[in-house]
Amino acid sequence: MARKKGILVGKAAEFADGDKKIVANGKSEIGVYFIKGDWYAYQNHCPHQGGPACEGLTMAKVEAIIAADKTYQGQRFDHDHQHIVCPWHGWEFRIEDGLLDADPTHGLRKYDVELRGDEVYVVP
């Protein structure tokens, strides 16, 4: 079976947990993330207004705390769920699948990531 071509991102050992790297893909770019032992890659293009989504922060999901009586009690971070936050308008995409957390009908284009020996590749 022929191996798919891909874009060399770098050596896996160069990535610490939470790191990202943006690589060229023709006229566009792909953001590659290493989060909690898993690899993710998304096109660096926000579906909202074309912003560079992958240049934004990666942060824990923010959740509202609602009491049993339905009153707002503040906010907390859910560190089990990370988001990519577009720097232009704050759209938040789930790292697991690239979908917009507020409306999963929108999302970032996802790419496969392959480890080949000690090297990381994105397969567009």
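Me: I'm new to this one. Which residue does R76 meet in a salt bridge?

Reply: Its partner is E63: the two side chains come together in a salt bridge, 3.3 Å from N to O. Keep in mind that this is a predicted model. The general idea is that side chains of opposite charge can pair when their charged atoms come close.

Me: Okay, and which parts does that pair tie together?

Reply: R76 sits in strand β6 (residues 72–85) and E63 in strand β5 (residues 58–66), so the pair links parts that are 13 residues apart in sequence.

Me: How do I read accessibility for those two?

Reply: Look at the relative accessible area: under 20% is buried, over 50% is exposed, and partly exposed is in between. R76 has 44%, so R76 is partly exposed. E63, at 22%, also counts as partly exposed.

Me: How many salt bridges does the count come to?

Reply: The count comes to 6. Among them is the one between D97 and R94, whose closest N and O atoms are 2.8 Å apart. D97 is partly exposed, at 29% relative accessibility.

Me: What about E114 and R116, how far is it from N to O there?

Reply: That salt bridge between their side chains spans 2.9 Å, N to O.

Me: Is R116 buried or exposed?

Reply: R116 counts as buried, with a relative accessibility of 13%. E114 has 23% and counts as partly exposed.

Me: And which residues are joined into one network?

Reply: K11, D118 and E119 are, through salt bridges that share partners.

Note on methods
Residues numbered from 1 in each chain as written. Predicted model: local features only at pLDDT ≥ 70, side-chain atom pairs only at ≥ 80, totals over all residues. Heavy atoms only, no water. Salt bridge = Lys/Arg side-chain N within 4 Å of Asp/Glu carboxyl O. Helix = DSSP H or I, 4+ residues; strand = E, 2+ residues; numbered from the N terminus. Buried < 20%, exposed > 50% of the residue type's maximum accessible area, 1.4 Å probe, protein only.
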